[in-house]
Amino acid sequence: MATHETVLEHEVNDQQESWEGGTPPFKASYGKLMMWYFLLSDAFTFAGFLIAYGSLRFSSPTWPVPDFVFKTFPFMGTKELPLIFVTVMSFLLIISSVTMVRAVQEGHRENRKGVVFWMLLTIVGGLGFLSCQAWEWTNLIGTEHMTVLTNPFGTHTEAGVYLNEDGTESSETFLPGKPYLLHKAGGGHGADAGHGEDAGHGEEAAHDNDGGHADEAHGTEPGDYKGYVVDEKGFILNKYKVTEGLDKGMIKTQEYGPKAFGALFFFITGFHGFHVFSGVIFLLIIMLNAASGVYTKRKNGYEMVEKIGLYWHFVDLVWVFVFLVFYLL
Amino acid sequence: MAHVSYEESIKKVYKGLVLLGAVTLLEVFISLVGKGHIWPEALEYRWILYTVGLVIIILSLYKAYFIVYEFMHMRYEAKGLAMTVLLPTALLVWAIIAFFQEGDSWKGRRDQIKEKNEMKVDESQSPQGMLLDETIYQPRLNG
């Protein structure tokens, strides 16, 4: 008998759902509360990434200058538009956050059409952001040859003057803090030919900034030349003469930027982009559910829309900080 | 959102959009000033760089506060819920700042090692530092 009773009790509990025994904790539904705690744990993951980024950046003597690294804009060629493209990306996320708030509001009014309409706009915003990020990555990898382990964005720590191809001093001088982009030998399009016409834009822009003696045809094989060095990866490291400080008069060679930058950039923006991507998938599923009338039948004020709304705002929130540390500071 | 009418809450949302957009534009503008794009002389003053950094961080924190409190409705949740989420986050902010400090200390060590590596020993002079004259040891060695 005892076992039979236990089974009965268990079934009753299952039907009632323990969350509904009296007042719910914090006056919130189970789903919403757990979404908050999931977001909290996700915040810890992102904080781990930001800690790695911050401590490595603080420990490096130089760091790639964001308004130099992120100054390209689609279809604008060599024009320098520092940070404008990422500002557009930020606005896409902010606007999609606002349309999400509207979808939740329409959900409270049990307005099915409103929910679907505003969620659709949110999805469009999310896809727009992902497309922008895809372009940004393509430009960085394909045109500027930045990879997880290679960072061609360096910064000068001394004042100096670049050398010409024949080893004589050129008229191109620079001061400490001047950023430069190393580029690959072979006409500016990289040793691995086959990029499209537009592949050269970023590099041409770079020539203005670092002297650009390297696109002359001769001496593209790895080796030590009079005016520059070509390394095994095919990058051209210009030589320069130091004009101030302790090492005055010495001939030095350009170096790569801090190695960790590539990995940090691709992993942090990639992890955020993955959140946006999965958010878009969930938005799509919930929008289709809403359109089919599932939530109208549940009569719980479109709570599912509220939950995905919390997630979507969190993605926007994380972008506020990614935008801050990678692009603004 | 139950406290205000539907029309009022819609208005509030669009006000939020304008606010977030304006703050973002302001941040980008301040950042570009700090990098010397709008006013080239700004690069010559160190304090401008620090002020710009501080102002941008404060504006970003304001944006984060606005998104959490208005868009995510934290303002309307029970206080206990808000505390269980916000207190761990506050500890997290402390951890982030602490690790920045740590990174700065690594840099100090690296600079120190680099400086010591570049030091040149002057061979012509007699040994300096802790080495003492041999005669001083003599009595103890004999004894």
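**Entry 1: helix H4 of chain A**

I began with helix H4 of chain A, residues 84–108. At 1.5 Å a residue, its 25 residues should span 36 Å, and its end C-alpha atoms are 37 Å apart, which agrees. The expected span is 1.5 Å times one less than the number of residues. Helices here are DSSP runs of H or I with at least four residues, strands are E runs of at least two, and both are numbered from the N terminus.

I noted the ground rules next. This is a predicted model, where local features need pLDDT of at least 70 and side-chain atom pairs count only at pLDDT 80 or more, while totals for chains, interfaces and linings use all residues. Residues are numbered from 1 along each chain as its sequence is written, and chains are lettered from A and ligands numbered from 1 in the order in which they are written.

Is H4(A) largely enclosed or open? I found 21 of its 25 residues buried, so H4(A) is largely enclosed by the rest of the structure. Buried means that 20 or more other C-beta atoms lie within 10 Å of the residue's own; exposed means 12 or fewer, and partly exposed is in between, with C-beta atoms placed from the backbone. After H4(A) comes A:Glu110, and its phi is positive, near 60 degrees.

**Entry 2: chain A as a whole**

I counted elements next. Chain A has nine helices and eight strands. The chain holds 329 residues, and 39% of them are buried. I also looked at contacts, where two residues count if their C-beta atoms, placed from the backbone, lie within 7 Å. Among chain A contacts between residues at least 6 apart in sequence, 69% join residues at least 24 apart.

Chain A is divided into two domains: domain 1 is 25–147 + 261–328, and domain 2 is 153–192 + 206–256. These bounds come from an automatic or database domain assignment. The C-alpha centres of the two domains of chain A lie 39 Å apart. Their contact takes ten residues from domain 1 of chain A and seven from domain 2 of chain A. On the domain 1 side, I read seven nonpolar, two polar and one charged. Nonpolar covers Ala, Val, Leu, Ile, Met, Phe, Trp, Tyr, Cys and Pro; charged covers Asp, Glu, Lys and Arg; the others, Gly among them, are polar.

**Entry 3: strands around S2(A)**

I followed strand S2 of chain A, residues 160–163. S2(A) pairs with strand S3(A), residues 169–174, in the antiparallel sense over three bridges. Pairing requires that DSSP finds at least two bridges between the strands. S2(A) and S3(A) form a hairpin with five residues between them. In that turn, A:Gly167 has a positive phi of about 90 degrees.

S2(A) also pairs with strand S7(A), residues 236–242, again antiparallel and over three bridges. Which residues stand opposite A:Val161? In S3(A) I found A:Thr173, and in S7(A) I found A:Lys241.

A:Gly262 sits in helix H7 of chain A, residues 260–292. A:Gly262 counts as buried because 22 other C-beta atoms lie within 10 Å. Leaving out residues up to four places away in sequence, A:Gly262 touches A:Met146, A:Thr147, A:Val148, A:Leu149, A:Thr150 and A:Asn151.

A:His145 is in the loop between helix H5 (112–143) and strand S1 (153–155) of chain A. Its phi is positive, near 55 degrees, and A:His145 is not a glycine. A:His145 is buried, with 22 other C-beta atoms within 10 Å.

A:Lys27 lies in the loop between helix H1 (2–16) and helix H2 (30–59) of chain A. A:Lys27 has a positive phi of about 55 degrees, although it is not a glycine. Is A:Lys27 buried or partly exposed? I have it as partly exposed, with 13 other C-beta atoms within 10 Å.

Chain B has four helices and zero strands. Of its 143 residues, 13% count as buried. Its domains are domain 1 (1–72) and domain 2 (78–104), with centres 21 Å apart, taken over C-alpha atoms.

Last, I checked where the chains meet. In all, 44 residues of chain B are in contact with 42 residues of chain A. Helix H1 (6–34), helix H2 (46–71) and helix H3 (79–118) of chain B each supply at least two residues of the side that touches chain A. Which helix gives the most? H3(B) does, with 16 residues. By class, this side of chain B has 25 nonpolar, eleven polar and eight charged residues.
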